[in-house]
Amino acid sequence: MLRIGQADYTLLRWEAERSYPRECCGILLGTMGMNGRTVNLTLTCDNVRTDDAQRRYSIRPEQVIAAFKLARSRGENIVGFYHSHPDHPAHYSKTDLIEAHWFDCSYVITSVEQGRATVTESFVLLGTEEAKSFDQEEMEILDQRPLHPPL
Ligand SMILES: [Zn+2]
């Protein structure tokens with residue numbers, strides 16, 4: 001189970017649309033609990049792929065390290081990553097699984113069709129490096145109170 005606030009959910013879908021036809025990517029910070037992960041902060045990252053950025057993504061290693069340090073300073077963890085699939089379903093690819101190394105983290109994928117975000121799904125990485133798999137998991141979008149309550 002991945003819990004994510006409406007604002008962060010909107011942000012990662014916005015990024016998916018904004019980056020079209022390239023893949024977007026980013027890192028999710030938050031807390032790990034018995035019943036899954038809760039996102040507290042979404043960090044947008046640059047997709048540094050120069051060869052095939054419409055079908056692949058890479059986050060600069062320095063950005064992952066910086067995100068890890070930021071998480072620690074907040075008493076949190078890296079709880080997941082997100083990216084988009086321009087004109088492809090919101091299902092992980094073989095490459096996504098091969099390149100995933102953060103166990104018990106969520107990998108959120110948003111499908112973008114013709115520049116519009118459609119389906120967003122989340123998969124948790126389970127197992128070990130030798131025998132790993134993605135399990136589709138439930139996403140709970142948390143309602144957030146408006147910043148300015150109505151008068
Ligand atoms: Zn992918």
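Me: A helix is a DSSP run of H or I with at least four residues, and helices are numbered from the N terminus. In this predicted model, what makes residues 61–73 a helix, H2?

Reply: The run holds 13 residues, and a helix needs at least four, so the stretch qualifies by its length. Just after H2, glycine 75 takes a positive phi of about 70°.

Me: How do you know that the span of H2 agrees with its number of residues?

Reply: At 1.5 Å a residue, counted for one less than the number of residues, the 13 residues should span 18 Å. The end C-alpha atoms of H2 are 19 Å apart, which agrees.

Me: Why are strands S7 and S8 said to stand at the edges of the sheet?

Reply: The open sheet has eight strands in the order S7-S6-S5-S4-S2-S3-S1-S8, with mixed pairing. S7 (132–137) and S8 (139–142) each have a single partner strand, so one side of each is left without a neighbour in the sheet. From one strand to the next, the twist averages 35°.

Me: What makes S6 and S7 a pair?

Reply: Pairing requires at least two bridges; S6 (residues 116–127) and S7 have six, in the antiparallel sense. Leucine 126 stands opposite serine 133 in S7. H2 packs on the sheet, touching S2 (25–33), S3 (36–45) and S4 (77–86), and its direction makes about 30° with that of S2.

Me: Which residues touch the most other members of the largest nonpolar core?

Reply: Of its 28 residues, these are Ile27, Leu28, Leu29, Ile78, Phe81 and Tyr107. H2 is among the elements that each supply at least two residues of this core.

Key. Residues are numbered from 1 along each chain as its sequence is written. This is a predicted model: local features need pLDDT of at least 70, side-chain atom pairs count only at pLDDT 80 or more; totals for chains, interfaces and linings use all residues. Axes are lines fitted to C-alpha atoms, for helices over the stretch in contact, and angles run from 0 to 180 degrees between N-to-C directions. Two residues are in contact if their C-beta atoms, placed from the backbone, lie within 7 Å. A nonpolar core is a set of buried Ala, Val, Leu, Ile, Met, Phe, Trp, Tyr and Cys residues joined through C-beta atoms within 7 Å. A residue is buried if 20 or more other C-beta atoms lie within 10 Å of its own, exposed if 12 or fewer, and partly exposed in between; C-beta atoms are placed from the backbone.
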